[in-house]
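Here is a short tour of a protein model, written for someone who likes to know how each term is defined. Keep the viewer open as you read.

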Amino acid sequence: MTYLHGYDTVIMAHILLPTDLSDQSMITALFAVDLFGTKGNTYTLVHAFMAIGLADPMVPAMLPDLQKVHDEGLEAFEERLRAKCDLSGAQMRRLVAFGPLPSTIHELAKEQDVDLVVMASSGRHGSSLFGSNTTGVIQGAQVPV
């Protein structure tokens, strides 16, 4: 059970957890699970990637191999997450997408019944509070981030 403002409440939500497979993303995922709990919740791990040199004629032929590498990376991330916390009451999903993270998150939030996005910001630059991915997700979000 998750307790919010003194009430005994079970949150049943679909929560997106964007990850770049980093330690910071793991900390954020653990924070989300700790905060929202597992009972009845669905967590979707989302990893988006881009390939440098899309104009290169070899890139389209390499996309299946690149996709496989990123799928395996996200699977390993989920295994590490499961080793650090009990996810038995939650449904876990994984999505690897080719393209920019902000548009991937926005499309997923429109297509599925998403309630919340929980993500880390690892890229503060100059006077900006958040990195470019976090800023892009926040700017176009149809759900709370």
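How many bridges join strand 4 to strand 5? There are 8 bridges between strand 4 and strand 5, and the two strands run parallel.

## Ground rules

This is a predicted model, in which local features need pLDDT of at least 70 and side-chain atom pairs count only at pLDDT 80 or more, while totals for chains, interfaces and linings use all residues. Residues are numbered from 1 along each chain as its sequence is written, and side-chain values use heavy atoms, with hydrogens and water left out.

## The overall picture

The secondary structure of the protein comes to 4 helices and 6 strands. Helices (H or I, at least four residues) and strands (E, at least two) are DSSP runs, numbered from the N terminus. Along the sequence, the pattern reads β-β-β-α-β-α-β-α-β-α.

Of the 145 residues, 41% count as buried; buried means under 20% relative accessible area, exposed over 50%, and partly exposed in between (1.4 Å probe, protein chains only). The accessible surface comes to about 8600 Å², with 55% of it belonging to carbon and sulfur atoms. Those areas come from the Shrake-Rupley method with a 1.4 Å probe, and for residues only the protein chains shown count as cover. Contacts (heavy atoms within 4.5 Å) with a separation of 6 or more are 73% made up of residues 24 or more positions apart.

An open sheet is formed by 4 strands in the order 5-4-3-6, with parallel pairing. Strand 5 (91-98) and strand 6 (116-117) stand at the edges with a single partner strand each, so one side of each has no neighbour in the sheet. Two strands pair here if DSSP finds at least two bridges between them. Strands of a sheet pair through backbone hydrogen bonds, either parallel or antiparallel.

Strand 3 (residues 14-18) pairs with strand 4 (residues 42-49) in the parallel sense over 5 bridges.

## Two enclosed strands

Which residues point each way from strand 4? Thr-42, Thr-44, Val-46 and Ala-48 point one way, Tyr-43, Leu-45, His-47 and Phe-49 point the other way, and all are buried. With 8 of its 8 residues buried, strand 4 is therefore largely enclosed by the rest of the structure.

Strand 3 is also largely enclosed by the rest of the structure, because 5 of its 5 residues are buried. His-14, Leu-16 and Pro-18 point one way from strand 3, while Ile-15 and Leu-17 point the other way. In a regular strand the side chains alternate between the two faces of the sheet.

## Helices around the sheet

Strand 3, helix 1 (residues 23-36) and strand 4 make a right-handed β-α-β unit. A crossover is right-handed if, with the strands pointing away from the viewer, the path from the first strand over the helix to the second runs clockwise. In helix 2 (residues 59-84) you will find Phe-77, which is buried at a relative accessible area of 1%. Leaving out residues up to four places away in sequence, Phe-77 touches Thr-19, Leu-21, Ser-22, Ser-25, Met-26 and Leu-45. The C-alpha atoms of Phe-77 and Ser-22 are separated by 8.6 Å, with the two residues 55 apart along the chain.

Helix 3 (residues 101-111) lies across strand 3, strand 4, strand 5 and strand 6, running at about 145° to strand 4. Axes are lines fitted to C-alpha atoms, for helices over the stretch in contact, and angles run from 0 to 180 degrees between N-to-C directions. Thr-104 sits in helix 3 and counts as buried at 10% relative accessibility. Not counting residues up to four places away in sequence, Thr-104 touches Val-46, Ala-48, Leu-95, Ala-97 and Gly-99.

Thr-134, Gly-136 and Val-137 are buried in helix 4 (residues 132-140). They cover an arc of only 165° around the axis, which puts them on the same side of helix 4; the arc is that of the directions from the helix axis to the C-beta atoms. The buried residues of helix 4 pack against helix 3 and strand 6, whereas the face turned away from the buried side carries the exposed residues Ser-132 and Gln-139.
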